[in-house]
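Student: Could you go through this model with me, one question at a time?
Tutor: Gladly! Have a look at it first, and then ask away.

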Amino acid sequence: MRTDIIEIRWHGRGGQGAITAAKIVANAAFVSGYKGVVMTPTFGTERRGAAIFTSLKISKNKIYDLSPIATPDMVIVLDHTLLEEVDVTAGLKENGLVVLNGPKPVSEYTFKGMKVAVSDITTHSVEAGLPPGIINSGIIGAFSKASGLVDIDVLIDAIEKEFSTKRPELNSKAAQIAYDNTAIGGM
Amino acid sequence: MAPKEFCKMISRSKPGPGDGGNTGSWRVLRPVIDLKACIPVKMNKEACFNCWLYCPDSVVSKTIPPVINFEYCKGCGICAEECPAGAITMVNEATPIEEDK
Amino acid sequence: MHIIESGNVAAATGVKLSRAQVIAAYPITPQTPLTEKLSEFVEGGELDAQYIPVESEHSAMGVCIAASTAGTRAFTATSANGLLYMNEQLHWAVGARLPIVMCVANRGIGAPWTVWNDQQDTIAQRDVGWIQIYCNDHQQIIDSVIKAFRLAQSVSIPVMVCYDGYLLSHTYMPFDQPEQSKVDTFLPKFAPTHFLNPDDPANFNTVTLPDVRPGLDGKMAPGYIEIRHNLQEDLRASLDVYEEIDTAFAKDFGRGGNPFVEQYKCEDADFVAVCIGSLSYQLRDVIDIMRDNGVKIGVMGVQMYRPFPNQAIIAALDGKKCAIVFEKALSYGNQGALYADIKSALYNSKDKPLVHNYILGLGGREIKTRHLLDALNESCTAPETFGDSPRWIGLKL
């Protein structure tokens, strides 16, 4: 089995922009030297508001297997209400990481044997000036802080490129505020 | 070696009388033009020519009066259908023979 | 410049760079984002083309036939039942020798209804006469679309560029987007061999008699069988033309060099897994595991399925112990279509390998590494006892 692939599973709801967020991280990872980047959304039908997930695999080498992630290294949860309906840690590797958009302090969330990083993205994004409910740029800041995989500056560049016609500076500000306000706990 | 020529054969032909073969032998109904009603004849100028335009076998001439080439006219009746003056009638090929008797 | 986008966007970008002039398509999952992207390009002025919305795939191909007969570069795209609905027009397009290019995002065929990937849709069209090119990743999609336009106009035969629905159409990965100026040099302006020209009126494809007959121009006009023979000859000769085009592309863009089959660790291999599409890349990781376990095995992706590259197949498999053909489609009532074609090609080889057949992944059934490992181990352990019937992978009966 290949051990060079970092597997990141994104949990969100249809319409929250999990695919766009994963695509931004894919772009930033590629720019940072990860030549193998594959993002695989849920195949088939999607419905606004329904729980969905997206697989992102990154590696220094080309990736050939396009199947969905079964054993992620980290999961990113765009909406804490998903915890009640989806087993977001399914298959998560031991000492894996859960990055969560949630309103409560980090000590309130426990996932057995896992690290957890929490940021109240919903609030921080409004602080940044975005309309309520836009959270997919903010979550990228929390991902950067918690995972240390991709530099926040590279991610902010990728955010501004992706949202070039949709309030780029507010979206990057949301990511920066989230980055500065991500609490890490667990284990 | 000369480069190979592709697409040397396609179904392509020149439109014109006789392209469909000896189509005059197919004819059961014969178009007959009533020259008194035919527009270019009546006006004595190049006009109308719907029969020439619509003929699928190009067997009607663009002349005054229009002339039909019966060697290739298959008797489809489109000219009679399209003539705005109703000047063309389709006559059974057998009819004159009946009259000869 | 590298971009990270979906396979459908890679295809649309290839069409834009190839400067298609008429696009007519009907949306169908998983092809839809491709046609949406093309209509965006046209609407935004990035692509100077007529985008003609139609009410069905049959009409989409009808419009492409008309546009191509008028002498323009025409493109369409579809999937699954949409492709089948075009079938009658597909025969027409190739019989009329029109260089149309079409992308197919491969999907299973209903009934029962499915939107997920297999390759039954295009494999079922193998005998129509269109050239079929299959892609393994997004880079091959964008490159193949550009090469397909040049191939189609070089041989006056329409070309299908096929890629796995969802697995490639909806995943995102990096690929290089060639520069427009370089594509313009590589793909010359379309100069049709025949087209509707008011200055030189002609009938195309009217009733053609069983026998030859003299035309009005005094020349002998071919009958139906001569025209069809010429198509077959030209299809076989298209193999050489595609090889030249692929070589020219590799020179200009630095990619390619495997027009017919793409091999991985096959050189010293006793066993070679064979398949079409993205599965051949997925198998690379499995081959590496098998190699770690001491099995001399490689994998080969078949890139061009029609015309069938018999010589390349023989060159790749002659002298091997066993070829293991994995297929996401079959010729119902017989066996895998690729399997049968490979056996037929190998009939003329000196040192024939054994050939095994597995059917898998139909209707989007996930293909797990574990299943592929089990199948390969089964084939490599006692290759002589396998038999001539396909075995199915991952069935839950």
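Student: What is the strand order of the open sheet of six strands in chain C?
Tutor: This is a predicted model, where local features need pLDDT of at least 70, side-chain atom pairs count only at pLDDT 80 or more, and totals for chains, interfaces and linings use all residues. Residues are numbered from 1 along each chain as its sequence is written, while chains are lettered from A and ligands numbered from 1 in the order in which they are written. Helices (H or I, at least four residues) and strands (E, at least two) are DSSP runs numbered from the N terminus, and two strands pair if DSSP finds at least two bridges between them. The pairing in this open sheet is mixed, and the order is 12-14-13-16-17-18.

Student: What is the bridge partner of Ala323(C) in strand 17 of chain C?
Tutor: Strand 16 (residues 322-327) and strand 17 (residues 354-359) of chain C run parallel and are joined by six bridges. Within strand 17 of chain C, the partner of Ala323(C) is Val355(C).

Student: Which strands stand at the edges of the open sheet of seven strands in chain C?
Tutor: This sheet has mixed pairing and the order 3-2-4-5-7-6-15. Each edge strand has a single partner, so one side of each lacks a neighbour: they are strand 3 (50-53) and strand 15 (304-306) of chain C.

Student: How many residues does strand 6 of chain C give to the side of domain 1 that touches domain 2?
Tutor: The domain assignment, which is automatic or from a database, gives domain 1 (2-186) and domain 2 (261-392) of chain C. Their contact takes 22 residues from domain 1 and 20 residues from domain 2 of chain C. On the domain 1 side, strand 6 of chain C supplies the largest share, four residues.

Student: Which element of chain C gives the largest share of the side that touches chain B?
Tutor: The contact takes 23 residues from chain C and 14 residues from chain B. Helix 7, strand 9 (203-204) and helix 9 (224-253) of chain C each supply at least two residues of the chain C side. The largest share, five residues, comes from helix 9 of chain C.

Student: Which residue of chain B stands opposite Asn203(C)?
Tutor: Strand 1 (residues 12-13) of chain B and strand 9 of chain C run antiparallel, joined by two bridges. Opposite Asn203(C) stands Ser13(B).

Notes. Contact = placed C-beta atoms within 7 Å.
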